[in-house]
Amino acid sequence: MREINLTTKIAVYPLGECSETEKNLIEAAKEATINSYAPYSGFKVGAAVLLENGEIISGNNQENAAYPSGLCAERVTVFFANATRPGQRIEAIAVAAWHNGRFTDDAITPCGGCRQVLLETENRFNAPMKILMYGNEAVYVLKSAKDLLPLSFGDEMLK
Ligand code: THU
């Protein structure tokens, strides 16, 4: 028997130490929570992506009375960006969540399904996507979607 140890390096920043570009993207994600449609969970998530042309696209979670029919903020945003700006690489994504009348203290981390989609998006453009997860207490920063999903299943396995 042998063991494999997987480690992930997470950079933890106070918002004030983020770059201007990062702060702008986080601000767009925070603003995007306003238009979230979350009558069932009350958990309003916003996401914003930075495209290689410098444009910022934002989106939010959209829920449904038939629960599984809703979609997370990350996927709404990434799919919309890819659908309307084809070929534009996504350089970074920021995520923030508004709950119980305030932004969460803990950094908001994407669900499993979104991690898979972020990884595919990164692979598709063959370059790492920075992930910024906002919380009032700290911003978690990952250099690549791969860091969100150890032992991932990707297109390379289908070759
Ligand atoms: N949600 C997101 O939009 N993104 C996440 O990273 C986590 C969860 C949404 C899904 C659902 O509408 C609500 O938050 C509660 O799970």
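Student: Which residues does Val78 touch, not counting residues up to four places away in sequence?
Tutor: This is a predicted model, where local features need pLDDT of at least 70 and side-chain atom pairs count only at pLDDT 80 or more, while totals for chains, interfaces and linings use all residues. Residues are numbered from 1 along each chain as its sequence is written, and side-chain values use heavy atoms, leaving out hydrogens and water. With contact meaning heavy atoms within 4.5 Å, the partners of Val78 are Val49, Ile90, Ile93, Val117, Leu118 and Thr121.

Student: How many residues has the largest nonpolar core?
Tutor: Such a core is a set of buried (under 20% relative accessible area, 1.4 Å probe, protein chains only) Ala, Val, Leu, Ile, Met, Phe, Trp, Tyr and Cys residues joined through side-chain atoms within 4.5 Å. Val49, Val78, Ile90, Ile93, Leu118 and Ile131 have the most contacts inside the largest one. Its size is 22 residues.

Student: Which helices and strands each supply at least two residues of this core?
Tutor: Helices (H or I, at least four residues) and strands (E, at least two) are DSSP runs, numbered from the N terminus. Here the suppliers are β2 (44-51), α2 (73-84), β4 (90-99), α3 (112-125) and β6.

Student: How many residues are in the other core?
Tutor: That core lies apart from the largest one, and its members include Cys18, Leu25, Ala28 and Leu132. It has 15 residues.

Student: Which residue in β7 stands opposite Met133?
Tutor: β6 (residues 130-134) and β7 pair (at least two DSSP bridges) in the antiparallel sense over four bridges. A hairpin of four residues joins them. Opposite Met133 stands Tyr140.

Methods
Buried < 20%, exposed > 50% of the residue type's maximum accessible area, 1.4 Å probe, protein only.
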